[in-house]
Amino acid sequence: MADSWENLPAAHNYTFTTERLLLRPPRLDDIEGIFAMRSDPQIFYWKDPDSEKAQSQAWIQARLESNCYLSFLVEELPDARDDHGKTTDKSPVIGVMGGTHLPEIGYIFRPSVWGRGYATEALKGFIKFYWETFPQGHPSIPLADNRGYLEAVTGTADEAPQASASIAVLKKCGFQYWGEQKAEEVEKPGQTVMLPVWRCWGPNHTEL
């Protein structure tokens, strides 16, 4: 259990597994796998994907320098691997799961593993890990805020098939529709883009 933000290391060192997956901290040598995902417009359909490796390198570096992040890279455990998981960049990383600005969380997975239930499995594993490790919520969340929930923001269901799939994953993992918020990274001329917000409450907390 971790209760003090000041006592957390600059980069988390947590690792856990689910039935088919390993979730571990990011490393600098993960750049090939991270760039492969963050440069893919199929994955980053709601914003501009990375065009240079330096952008993906900065993403990794930020998570190594601040304990505000709780990001995990996802790999298949040996028994779950088959030819579908082979990648041209030879990285074993198939996804990213976890918190960027907690309590907000997010996830992305390579298109080569879509449809295998990995996002649902990884998110359920993350939720279980999160509340077992931080039963009162992550220490980086200000005490003035409510630490009793996790939150996700998605695209709209009519925007892209990926948004509909992501919403289905959230619902399977106990998230409920909470409202909308202005999209900070999505721009449409003359429009204010509002995106759905989803929340999942911890076992020791109740909805406000």
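Close-up 1. On a 1 Å grid over the protein atoms alone, a cavity is a set of points where a 1.4 Å probe fits but cannot get out, and its lining residues have an atom within 4 Å of a point. Grid points are joined across faces, edges and corners, and a volume is the space filled by probe spheres set on the points. In this predicted model, local features need pLDDT of at least 70, side-chain atom pairs count only at pLDDT 80 or more, and totals for chains, interfaces and linings use all residues. Residues are numbered from 1 along each chain as its sequence is written, and side-chain values use heavy atoms, with hydrogens and water left out. The whole structure holds two cavities of 30 Å³ or more. The second largest cavity has about 40 Å³ of space, and its lining includes Pro 25, Pro 26, Arg 63 and Tyr 69.

**Close-up 2. Arginine over tyrosine.** Here the charged end of Arg 63 sits over the ring of Tyr 69, 4.3 Å from its centre. For Arg, this calls for CZ within 6 Å of the ring centre and within 35 degrees of the ring normal. Look also for Arg 199, whose charged end sits over the ring of Tyr 149, 3.9 Å from the centre.

**Close-up 3. Two phenylalanine rings.** Phe 72 and Phe 126 form an aromatic pair (centres within 6.5 Å) that is edge-to-face (planes over 60 degrees apart). Their centres are 6.1 Å apart, with 70° between the planes. Phe 72 is buried (under 20% relative accessible area) at 0%, and Phe 126 is buried at 0% as well.

Conventions:
1 Å grid on protein atoms, 1.4 Å probe; cavity = no way out; pocket = protein on both sides within 12 Å on 5 of 7 lines; lining within 4 Å. Phe/Tyr/Trp six-rings, centres within 6.5 Å; stacked < 30°, edge-to-face > 60°. Buried < 20%, exposed > 50% of the residue type's maximum accessible area, 1.4 Å probe, protein only.
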